[in-house]
Amino acid sequence: MTFLRSLLVASALLGLSGCFLSRSDVNEPIPRDAVQALKPGETTAGQVTQALGAPVEVVQLGRRSAYRYEYERIKMTGFFAILVGLRGVDQRSDRVWVFFDENDVLTHVGSTFEGDRAEYELPYLGEND
Amino acid sequence: MTEPRSALGLAACLALAVSSCITGTYSREDRQTPPSEAVLELLQPGQSDLQTCLDALGAPLVVRARGEETELIWGWQRTGGWSLTFRLPLADRGGDGNFSYAESKRGGRGVTLRFDREEQLVARNEGRLADLIDVQRPKAAPLED
């Protein structure tokens, strides 16, 4: 009888649980080789926009300027049983900032390529990091 | 006598849970990858320039002018915690009532680096990302007639 009751409870728990995976992307991935081809002191703002397209942000820094390019990937994972749920969100970005002098010539490049490192991960209960 | 009461309580809890009236959720959110402490320690005012910092930390979240200086902010987040939601359908009153409680461990952290006109690092500040972005955001200038 106890076994049957346990089986019934286990079946109910399994039957009433659900899970999901979702992925969303914001903008297009940034071509890494195009960024590596940019040459400070030579490449102009026009050449940068030809290679990378329109920036998502332009910042005026006195007489100088900086453009931001960004691609974002968000992966969500969820598991829901009767009483509790687990939900994990991993958000990573490809982001590039290009800095120009007052003549619109490239002076500095800062880049981060992490978009493809986003993972589907359920959080572990009791983790303390 | 105790067993029927327990069974009744269990059934009530189960009914509330199955109807989504009570849900407990453990969530974790990771946004961006934090740099190592060793890399951060290498970047000191008077010793590093803009390109050194960009090479070490990658692209910042925020770039903005601060008077004659340029300010860059890097940030990352690792948040985890439980939330408990109690929701009561009130169809006859045209809505739902709900109560949520959430506790989270650690929020966004960040570092601000400020550079002078010669692109030398002149100031460095670490702390909560929200504080770094909001408190140090320049006030909007009033509209002029």
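Among contacts in chain B (heavy atoms within 4.5 Å) between residues at least 6 apart in sequence, 58% join residues at least 24 apart. The model is predicted, so local features need pLDDT of at least 70 and side-chain atom pairs count only at pLDDT 80 or more, while totals for chains, interfaces and linings use all residues. Residues are numbered from 1 along each chain as its sequence is written, chains are lettered from A in the order in which they are written, and side-chain values use heavy atoms, with hydrogens and water left out.

Chain B holds four helices and six strands, where helices (H or I, at least four residues) and strands (E, at least two) are DSSP runs numbered from the N terminus. From the N terminus on, these elements run α-β-α-α-β-β-β-β-β-α. Of the 145 residues in chain B, 32% are buried, that is, under 20% relative accessible area with a 1.4 Å probe and protein chains only.

Turning to chain A, helix α3 (residues 45–52) has A:Ala45, A:Val48 and A:Leu52 as its buried residues. Seen down the axis of α3(A), these fall within an arc of 55° (taken from the directions from the helix axis to the C-beta atoms), so they line one face of the helix. Their cover includes α2 (32–36), β3 and β4 (84–100) of chain A. Just after α3(A) comes A:Gly53, with a positive phi of about 85°.

Strand β3 (residues 64–80) of chain A contains A:Glu72. This glutamate is buried yet has no salt bridge, a salt bridge being a side-chain nitrogen of Lys or Arg within 4 Å of a carboxyl oxygen of Asp or Glu. The nearest side chain of opposite charge, A:Arg95, is 6.3 Å away. The side chain of A:Glu72 does make a polar contact with that of A:Gln91, at 2.9 Å. A polar contact is a pair of N or O atoms within 3.5 Å; within protein, one must be able to donate a hydrogen and the other to accept it, and residues adjacent in sequence count only if both atoms are side-chain atoms.

Where the chains meet, 38 residues of chain A are in contact with 34 residues of chain B. Together they bury about 3,100 Å², 47% of it on carbon and sulfur atoms; this is the accessible area (1.4 Å probe) lost on being put together, summed over both parts. Three salt bridges cross the interface. B:Arg28 forms a salt bridge with A:Glu121, the closest N and O atoms being 2.9 Å apart. On the side of chain A that touches chain B, β4(A) supplies the largest share, 14 residues.

Notes
Buried < 20%, exposed > 50% of the residue type's maximum accessible area, 1.4 Å probe, protein only. Lys, Arg positive; Asp, Glu negative; His and termini not counted. Buried area = accessible area lost by both parts, 1.4 Å probe.
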